[in-house]
Amino acid sequence: MQDRTDEIARRLDVDPRVLALVVGAPWRRASGVDSEPAGAAGSAAVDPAGERPVHGRVFVGVPSPSELRELDLPADGLRHFGLTPADLRAGGWTDADLRSAGIPVPGAEGTGRDGVEWFVAGEPAQLMLGLRPHGAPRLARAEPRWDGHIPGVEPVDVEDLPGLAGCTDPEAPAALAVRELRDGLLRRARRRLVHCPVCLRQVHRSNTTHGACHGCAGRWLGIVY
Ligand SMILES: [Zn+2]
């Protein structure tokens, strides 16, 4: 996994050594981020498939955004019909259509629907650093999530990161404020880690089967993911 620490430091206008000491390192790109941070406002509830009124029109293939509007169906609800963003794109949806519907754009790995670009640090993932097009960067705790069979992480307990731009002293007040924030998130992240009893490596407790990490569960318990 490529170390993006230098790139992030440049974008935050801070020395990579200060970033490493004050926040953490190395940073890699987050995969499987496609939702608003948990606990953030505005997670729209969508009726499950089957509870929608029948409109008496059948679409073959993927309906266009305007056809959906005609039917008064939220674009977001398409996911509940088993259509992936890639299906939608193949059906003629543009990336702008996907974005306006709040659906992640395929290929934009690590970018959430709110335009935040997320990076992750720690093994297993513990901290997440989000760079926004505008506004303060964000720091969060990494929580595992599964996108089908693909493991990913999502940011939770998201907090705005006090400015570090131009900071050269890891003991400066701004840096100390960042470290305090980081340490709080890390404490919460580490409370959720357990040791796999087989390989003895640390693993997030939600990524275990009978206490074993997924690798060991596959190898020693025959459980396939
Ligand atoms: Zn293990």
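Modeller: Before we discuss this predicted model, one term is needed: two residues are in contact if their C-beta atoms, placed from the backbone, lie within 7 Å.

Biologist: With that in hand, which residues does Phe119 touch, not counting residues up to four places away in sequence?

Modeller: Phe119 touches Arg4, Ile8, Trp27, Arg28, Arg29 and Ala30, and also Met128 and Leu129, once residues up to four places away in sequence are set aside.

Biologist: What makes Phe119 stand out in the largest nonpolar core?

Modeller: That core has 32 residues, and Phe119 is among those that touch the most other members, together with Leu19, Val120, Leu127, Met128 and Leu129. The elements that give two or more residues to this core are the helices H1, H2 and H6 and the strands S2, S3, S4 and S5. There is also a second, separate core, of five residues, which includes Ala212, Cys213, Cys216 and Ala217.

Biologist: Why is Gly130 called buried?

Modeller: The cut-off for a buried residue is 20 or more other C-beta atoms within 10 Å, and Gly130, with 25 such neighbours, therefore counts as buried. Gly130 belongs to strand S3, and, leaving aside its neighbours within four places in sequence, its contacts are Val116, Glu117, Trp118, Pro137, Arg138, Ala140 and Pro155. The C-alpha atoms of Gly130 and Ala30 are separated by 9.6 Å, although these residues are 100 residues apart along the chain.

Biologist: And why are Asp13 and Leu200 called exposed?

Modeller: Exposed requires 12 or fewer C-beta neighbours within 10 Å; Asp13 has 11, so it counts as exposed, and Leu200 has 9, so it is exposed as well. Asp13 is found in the loop between helix H1 (5-12) and H2, whereas Leu200 lies in the loop between strand S6 (193-195) and strand S7 (202-204). Neither residue is a glycine, yet phi is positive in both, at about 60° for Asp13 and about 70° for Leu200.

Biologist: How do you know that the buried residues of H1 line one face of the helix?

Modeller: The buried residues in H1 are Thr5, Ile8, Ala9 and Leu12. Seen down the axis of H1, they fall within an arc of 100°, so they line one face of the helix. These buried residues pack against H2, S2 and S3.

Biologist: Which residues of H6 are buried, and how do you know on which side they lie?

Modeller: The buried residues of H6 are Ala175, Val178, Arg182, Leu185 and Ala189. Around the axis they cover an arc of only 100°, and they are therefore on the same side of H6. The face turned away from that buried side carries the exposed residues Pro173, Glu180, Asp183, Arg187 and Arg191. What covers the buried residues of H6 includes helix H2 (16-22) and the strands S3 (127-131), S4 (138-147) and S5 (150-160).

Biologist: What makes S1 and S5 edge strands?

Modeller: The five strands form an open sheet in the order S1-S2-S3-S4-S5, with antiparallel pairing. Strand S1 (28-29) and S5 each pair on one side only, and they are the edge strands. H6 packs on this sheet, where it touches S3, S4 and S5, and its direction makes about 25° with that of S4.

Biologist: How do you know that S4 and S5 count as paired?

Modeller: Pairing asks for at least two bridges between two strands, and S4 and S5 have nine, in the antiparallel sense. Trp146, for instance, has Pro151 in S5 as its bridge partner.

Biologist: Where are the cis peptide bonds that involve Pro26 and Pro124?

Modeller: The bond from Ala25 to Pro26 is cis, with omega near -10°, and Pro26 lies in the loop between H2 and S1. The other joins Glu123 and Pro124, with omega about -5°, and the place of Pro124 is in the loop between strand S2 (117-121) and S3.

Note on methods
Residues numbered from 1 in each chain as written. Predicted model: local features only at pLDDT ≥ 70, side-chain atom pairs only at ≥ 80, totals over all residues. Helix = DSSP H or I, 4+ residues; strand = E, 2+ residues; numbered from the N terminus. Arc of directions from axis to C-beta. Axes fitted to C-alpha atoms, helices over the stretch in contact; angles between N-to-C directions. Core = buried A, V, L, I, M, F, W, Y, C linked by C-beta atoms within 7 Å.
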